[in-house]
Amino acid sequence: MASLGFKDGIIREIKRLGSRRMYIFGMVMVPLFVAVFFMSLLHEGLPDEVPTGVVDMDHSAMSRTITRSLNALQVIDISQDIESYDEALVQIRNGSIFGFFVIPENFERDALAGNKPTLEYYSNMTYFVPGTLAFKGFKTVAVATAGGVVKQTLQSLGIPGEQIAGLVQPVVIDEFPLNNPWLSYSAYLCPSFTMCTFVLMIMLMTAFSITMEIKNGTSVQWLATSGNRMSVALLSKLFPQTVIYSAVGLFLVWLLFCVEHVPMNGSMGWMICATILTVIASQAFGTIIACIVPNPRLSLTICALFGILSFSFTGFSFPVQSMYGFLGVFSWLAPIRYWFLIYINEGLNGVDLYYSRYYFAALLVFPLLAMLLMRRLGKACLNPVYVP
């Protein structure tokens with residue numbers, strides 16, 4: 001009887017999924033659209049040619065050399081030759097540039113005379129990525145210019161070139177970026193934003209499909225189709241969705257690692273396993289919210305709020321270790337957090353499965369918690385009461 005109820009429940013759920021285009025839109029179209037959007041946006045990996053300006057109030061040979069050095073950087077594009085500081089601020093506010101470099105009057109004369117002139121640079125950190133890149137480029141040129149002035153001053157004092165090199169740069173630093181030597185933003189942003197949106201839609205659609213049974217008063221029929229067993233009813237409802245989500249998730253993995261060529265230094269098999277477990281854990285999370293708050297409006301609000309905040313407190317944009325303690329706790333409640341940690345270990349670092357074992361185990365905890373709350377959901381389904 002249980003197998004018959006499970007089969008009837010699956011047939012019923014497939015009909016429900018096909019009866020409303022919103023299901024296909026939320027389960028398939030939105031995740032694919034977000035994936036294509038971010039992959040096309042970040043296809044180049046690292047943004048370059050950030051529009052910036054130079055306020056050259058010296059107009060000397062040295063100031064022109066600084067301007068050429070700035071324009072030679074890949075991340076900076078000197079799109080504005082600005083006459084004054086006030087004009088540069090106007091350009092910043094208009095969004096025409098994301099930063100500007102200020103060369104003061106008499107810079108060359110003061111530098112050669114040893115009067116310690118000041119180079120100033122400003123970047124608009126409201127736009128974090130272009131502002132950071134502009135700051136990095138400005139700092140690189142400012143440090144190089146300072147070193148060049150010191151070198152020229154020491155040469156004028158008759159100090160040999162070998163000694164000057166040791167004084168100007170006593171320690172030579174060689175950088176070797178591990179696992180992402182291209183410094184590609186796509187390796188971090190595409191997987192995080194794509195999969196976080198995917199998990200958000202899973203939680204929303206799962207909570208929606210369950211609570212709408214209660215709202216529409218069809219929950220009694222739903223249970224009757226599955227032999228009045230909440231476990232069978234819930235499994236038969238979620239199984240067709242799991243198949244669809246798993247197919248979409250595997251397609252996203254293919255897009256990320258085979259089309260976008262996001263680094264995969266570990267096992268693709270374990271990443272596929274992690275994706276399927278993340279789908280099940282996300283469904284379980286939506287089920288848990290539906291069990292606690294069997295109301296579509298409230299459950300969708302909680303899932304949406306938690307899912308949107310997951311972009312921030314799961315460690316994508318800010319390290320969890322640096323968060324306030326009460327905020328860091330929330331990161332461990334999000335299924336996408338564990339997928340991201342597994343991706344870091346398997347995709348970027350290529351370490352052994354041993355180091356990700358707890359993350360896989362954490363994904364299995366969500367379905368277990370959902371099972372503990374099924375009795376509460378069963379009572380709500382037997383007595384459907386909708387409170388607007």
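Figure 1. C291 is buried, with a relative accessible area of 1%; buried means under 20% relative accessible area, exposed over 50% and partly exposed in between, computed with a 1.4 Å probe on protein chains only. The model is predicted, so that local features need pLDDT of at least 70 and side-chain atom pairs count only at pLDDT 80 or more, while totals for chains, interfaces and linings use all residues. Residues are numbered from 1 along each chain as its sequence is written, and side-chain values use heavy atoms, with hydrogens and water left out. A disulfide is taken as a pair of cysteine sulfur atoms within 2.5 Å, and by this rule the count is zero. C291 takes part in no disulfide, its nearest cysteine sulfur, that of C381, being 8.3 Å away. C258 is partly exposed at 38% relative accessibility. Its sulfur lies 14 Å from the closest cysteine sulfur, in C190, which is too far for a bond.

**Figure 2. Packing of helix 2 against helix 8.** Helices (H or I, at least four residues) and strands (E, at least two) are DSSP runs numbered from the N terminus. Axes are lines fitted to C-alpha atoms, for helices over the stretch in contact, and angles between N-to-C directions run from 0 to 180 degrees. Helix 2 (residues 21-41) and helix 8 (residues 186-215) cross at roughly 170 degrees, and their axes come within 9 Å. The two helices are therefore roughly antiparallel; angles under 35 degrees count as roughly parallel, over 145 as roughly antiparallel, 65 to 115 as roughly perpendicular and the rest as oblique. The contact residues comprise 15 nonpolar, four polar and no charged, where Ala, Val, Leu, Ile, Met, Phe, Trp, Tyr, Cys and Pro count as nonpolar, Asp, Glu, Lys and Arg as charged, and the others, Gly among them, as polar.

Figure 3. Helix 11 (residues 268-292) packs against helix 12 (residues 296-313) at an angle of about 140 degrees, with the axes 9 Å apart. Helix 11 is for this reason oblique to helix 12. On the side of helix 11 the contact is formed by F285, G286 and I289, and on the side of helix 12 by S299, I302, C303 and F306. Five of these residues are nonpolar, two are polar and none is charged. T287 is also placed in helix 11 and is buried at 1% relative accessibility. Leaving out residues up to four places away in sequence, T287 touches T206, I210, L234, L238 and A370.

Figure 4. V50 belongs to strand 1 (residues 50-56) and is buried, at 4% relative accessibility. Beyond its neighbours within four places in sequence, V50 contacts V75, I76, D77, F98, P130 and L133. The C-alpha atoms of V50 and I78 are 8.2 Å apart, although 28 residues separate the two in sequence.

**Figure 5. Loop residues with positive phi.** Most residues other than glycine have a negative phi. H59 has a positive phi, near 55 degrees, and is found in the loop between strand 1 and helix 3 (61-72). N106 likewise has a positive phi, near 60 degrees. N106 sits in the loop between strand 3 (99-103) and helix 5 (107-113), and is partly exposed at 33% relative accessibility.

Terms used:
Contact means heavy atoms within 4.5 Å.
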